[in-house]
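Please keep the sequence and the structure in view while reading.

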Amino acid sequence: MPEKEFNLKEIIEMIHNKQYKLLRELLDSLNPADIAEIMESLLDDEEITKEQLPKFFRLLPKDLAADTFVELNSSMQEQLIRDLTDKELQFVLDDMFVDDAVDIIEEMPANVVTRMLANVDSQTRKDINQILKYPEDSAGSIMTVEYVDLHPNQTVQDAFDHIRKTGLEKETIYICYVTEKKKLIGICSVRELLLNPYETLIKDIMEEDVISVTTTDDKEYVAQVLAKYDFTALPVVDTDNRLVGIVTVDDALDVLTEEATEDIEKMAAITPSEHPYLRSTVFEIWKQRIPWLLLLMVSATFTGLIITHFENALAAQVALTAFIPMIMDTGGNSGSQASVTIIRGLSLGDIELDDVIKVIWKEFRVSILCGIALAIVAFGKIMLVDNLIMHNSDVTAFVALVVSLTLVITVVIAKFVGCTLPLLAKKLGFDPAVMASPFITTIVDALSLMIYMTLASMLLNL
């Protein structure tokens with residue numbers, strides 16, 4: 001729930017009536033995320049023009065303006081950067097953490113980036129450029145260089161003095177990092193500082209077994225480490241164990257959300273989007289969807305070829321045609337269940353490539369149980385509904401047997417394909433999510449149809 005309720009219509013009326021003092025008081029009581037939501041909602045109102053947004057933004061106090069700016073979507077950030085004066089932009093950037101500034105810069109066109117970098121101090125510009133050098137999906141690309149560092153020979157009193165002096169500029173002060181000649185040798189929480197006498201040396205209370213990541217580690221792995229150990233921040237070191245930054249839990253949450261969204265889009269045969277749905281144009285959405293639709297449409301040609309090949313068998317036993325959708329859907333759904341489970345396991349680190357035999361053996365046993373259950377229900381349904389109730393004489397016990405056997409074999413093969421393809425993709429260096437539902441369904445459709453028609457030809461002498 002938001003910290004305070006707000007009425008968008010009332011805010012729009014305040015803007016039209018130029019009740020800026022009242023509006024400023026209202027905004028000052030809101031959370032930055034809520035203010036960003038208001039600004040994005042204003043764009044959807046026909047009575048509010050884009051030129052009024054900078055005026056709205058200027059009503060915010062300096063620290064609140066910076067926090068709100070970070071919460072805005074990239075298109076609105078770009079618009080504000082273009083509309084704000086150099087002095088106003090400098091105020092916003094000065095009050096922003098370096099990692100947030102880097103995230104914004106990565107979304108902006110070159111001319112906007114140039115203006116941003118021209119309005120930050122030399123040290124901040126150096127820090128930004130340093131982070132931008134790291135690979136896009138690495139820990140270095142999402143870390144912040146604004147952390148509290150302590151020396152092992154400092155006392156608790158010295159540590160508190162240092163935190164009071166520099167804390168406002170740091171992303172977090174709850175965990176302090178103990179370094180010697182820039183090398184990470186320990187960590188110390190503010191809780192430990194509070195519970196020890198002022199004269200205690202940091203080296204006597206610091207924790208020496210520090211869990212850290214390197215600048216080149218994958219950012220998704222970093223998020224998993226934070227989640228595993230319930231850390232609020234994680235130190236990032238270079239190859240010589242020199243502390244170069246930290247990754248905070250809010251950045252990890254952004255990574256996990258981004259990766260989950262990307263995996264979901266890939267599993268739904270959609271090219272990942274850079275913009276929210278309502279901010280994407282029809283042409284952008286079309287570009288995201290049409291490549292996969294074309295690929296899947298062409299790949300479905302194999303299913304058509306199989307049906308054509310067994311055209312005579314289907315003509316001899318027309319009743320077989322009625323059960324093709326059920327068999328293909330069951331196979332596709334079985335494969336999707338396995339693939340989604342494995343992809344999730346790979347993403348969370350619960351499943352490794354070395355577990356391939358365990359995965360196949362487990363999915364085989366599951367598929368046998370699922371296949372037998374489906375076969376029994378299908379056989380009963382066919383004989384009761386299709387044969388007795390609907391009086392379809394073409395649907396015999398042999399037809400029901402063919403369908404039931406096909407379901408068992410199809411489910412076994414579908415789950416094998418569904419669990420092995422994501423692991424194979426991971427082994428080859430591809431994203432396992434690419435091997436999800438639509439792709440696997442297409443493969444399983446063709447295999448299930450071949451099994452069905454082969455069994456029918458053998459058992460029904462077609």
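**Helices H20 and H22**

H20 and H22 are roughly parallel to each other, because the angle between them is about 30 degrees and angles under 35 degrees count as roughly parallel. The model is a predicted one.

- Helix H20 covers residues 324-348 and helix H22 covers residues 397-427. Their axes lie 8 Å apart.
- The crossing in which H20 passes H22 is right-handed.
- An α-helix has 3.6 residues a turn, so residues three or four places apart point the same way.
- H20 has 25 residues and spans 36 Å from its first C-alpha to its last. This is close to the 36 Å expected at 1.5 Å a residue.
- Just after H20 comes Gly349, with a positive phi of about 80 degrees.

**Helices H3 and H5**

- Helix H3 (residues 32-42) and helix H5 (residues 62-71) have axes that come within 8 Å and cross at roughly 60 degrees. H3 and H5 are therefore oblique to each other.
- H3 and H5 cross in the right-handed sense.
- From H3, the contact takes in Pro32, Ala33, Ile35, Ala36, Met39 and Glu40. From H5, it takes in Leu64, Asp67, Thr68 and Glu71.
- The contact of H3 with H5 has 6 nonpolar, 1 polar and 3 charged residues.

**Helices H8 and H10**

- Helix H8 (residues 98-105) and helix H10 (residues 122-132) cross at roughly 60 degrees, and their axes come within 10 Å. H8 and H10 are therefore oblique to each other.
- H8 passes H10 with a right-handed crossing.
- H8 contributes Val98, Ala101, Val102 and Ile105 to the contact, and H10 contributes Thr124, Asp127, Ile128, Ile131 and Leu132.
- Sorted by class, the residues in the contact of H8 with H10 are 7 nonpolar, 1 polar and 1 charged.

**The sheet E1-E2-E3**

- Strands of a sheet pair through backbone hydrogen bonds, either parallel or antiparallel.
- The order E1-E2-E3 describes an open sheet of 3 strands with mixed pairing. Strand E1 (149-150) and E3 are the edge strands, each pairing on one side only.
- Strand E2 (residues 175-180) and strand E3 (residues 183-189) are antiparallel and pair over 6 bridges.
- Ile175 has Ser189 in E3 as its bridge partner, and Val178 stands opposite Gly186 in E3.
- The hairpin of E2 and E3 has 2 residues between the strands. In this hairpin, Lys181 takes a positive phi near 55 degrees.

**The sheet E4-E5-E6**

- Here too 3 strands form an open sheet with mixed pairing, in the order E4-E5-E6.
- Strand E4 (213-214) and strand E6 (243-248) are at the edges. Each has a single partner strand, so one side of each is left without a neighbour in the sheet.
- Strand E5 (residues 233-237) runs antiparallel to E6, and 5 bridges join them. Ala233 has Thr248 in E6 as its bridge partner.
- Helix H15 (residues 219-229) packs on this sheet and touches E4, E5 and E6. The direction of H15 makes about 135 degrees with that of E5.

Methods
Residues numbered from 1 in each chain as written. Predicted model: local features only at pLDDT ≥ 70, side-chain atom pairs only at ≥ 80, totals over all residues. Heavy atoms only, no water. Axes fitted to C-alpha atoms, helices over the stretch in contact; angles between N-to-C directions. Helix = DSSP H or I, 4+ residues; strand = E, 2+ residues; numbered from the N terminus. Parallel < 35°, antiparallel > 145°, perpendicular 65-115°, else oblique. Left-handed = near helix turned anticlockwise from the far one by under 90°. Contact = heavy atoms within 4.5 Å. Nonpolar A, V, L, I, M, F, W, Y, C, P; charged D, E, K, R; others polar. Expected span 1.5 Å × (residues − 1). Pairing = 2+ DSSP bridges.
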